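Hi everyone, thanks for making time this morning.

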Amino acid sequence: RVRISTALEEKIKVDDGKVETLVQMYSNMKPVQAAKVFESLDEDLVIEILGRMKKKSAADILNLIKPEKAQIFAERYTGYRAPASSNK
């Protein structure tokens, strides 16, 4: 159990680091380019990235995303909509 728990904790740290790298990358991109990518990325990943970005950067990107998609991201971020994977 200890070995499994340690391995799981290590994987969580690695995954967290990868998401943080993505946050920095998308924060440094032009909002137009980031918005294009976000529209096709996995919704859970987008929510995680937006949640870690500075509010101004996230707002600039969300402003350029199709309104329907931005609505989904906002609802998912606040927990008002079930994850896409559970709707299938």
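**Rings, core and pocket**

Let's begin with the aromatic rings: the count comes to one aromatic pair. Keep in mind as we go that this is a predicted model. The partners are Y26 and F38, with ring centres 5.0 Å apart and planes at 75 degrees, so the pair is edge-to-face. For the angle, over 60 degrees is what counts as edge-to-face here. The pair joins distant parts of the chain, since Y26 sits in helix 1 and F38 in helix 2, twelve residues apart. Are these two buried or exposed? Both Y26 and F38 are buried.

In general, nonpolar side chains in soluble globular proteins tend to be buried together. Here the largest nonpolar core has 16 residues, and F38, L50, M53, I61 and I65 touch the most other members. Helices 1 to 5 each supply at least two residues of this core, and helix 3 gives the most, with four. Take I61 as an example: leaving out residues up to four places away in sequence, I61 touches Y26, P31, A34, A35, F38 and M53. So both rings of our pair are on that list.

Finally, the pocket. What is the volume of the largest pocket? About 220 Å³. Helix 3, helix 4 and helix 5 each supply at least two residues of its lining. By class, the lining has eight nonpolar, two polar and two charged residues.

Thanks, everyone, and I'm happy to take questions.

Technical notes. Residues numbered from 1 in each chain as written. Predicted model: local features only at pLDDT ≥ 70, side-chain atom pairs only at ≥ 80, totals over all residues. Heavy atoms only, no water. Core = buried A, V, L, I, M, F, W, Y, C linked by side-chain atoms within 4.5 Å. Buried < 20%, exposed > 50% of the residue type's maximum accessible area, 1.4 Å probe, protein only. Contact = heavy atoms within 4.5 Å. Phe/Tyr/Trp six-rings, centres within 6.5 Å; stacked < 30°, edge-to-face > 60°. 1 Å grid on protein atoms, 1.4 Å probe; cavity = no way out; pocket = protein on both sides within 12 Å on 5 of 7 lines; lining within 4 Å. Points joined across faces, edges and corners; volume = space filled by probe spheres on them. Nonpolar A, V, L, I, M, F, W, Y, C, P; charged D, E, K, R; others polar.
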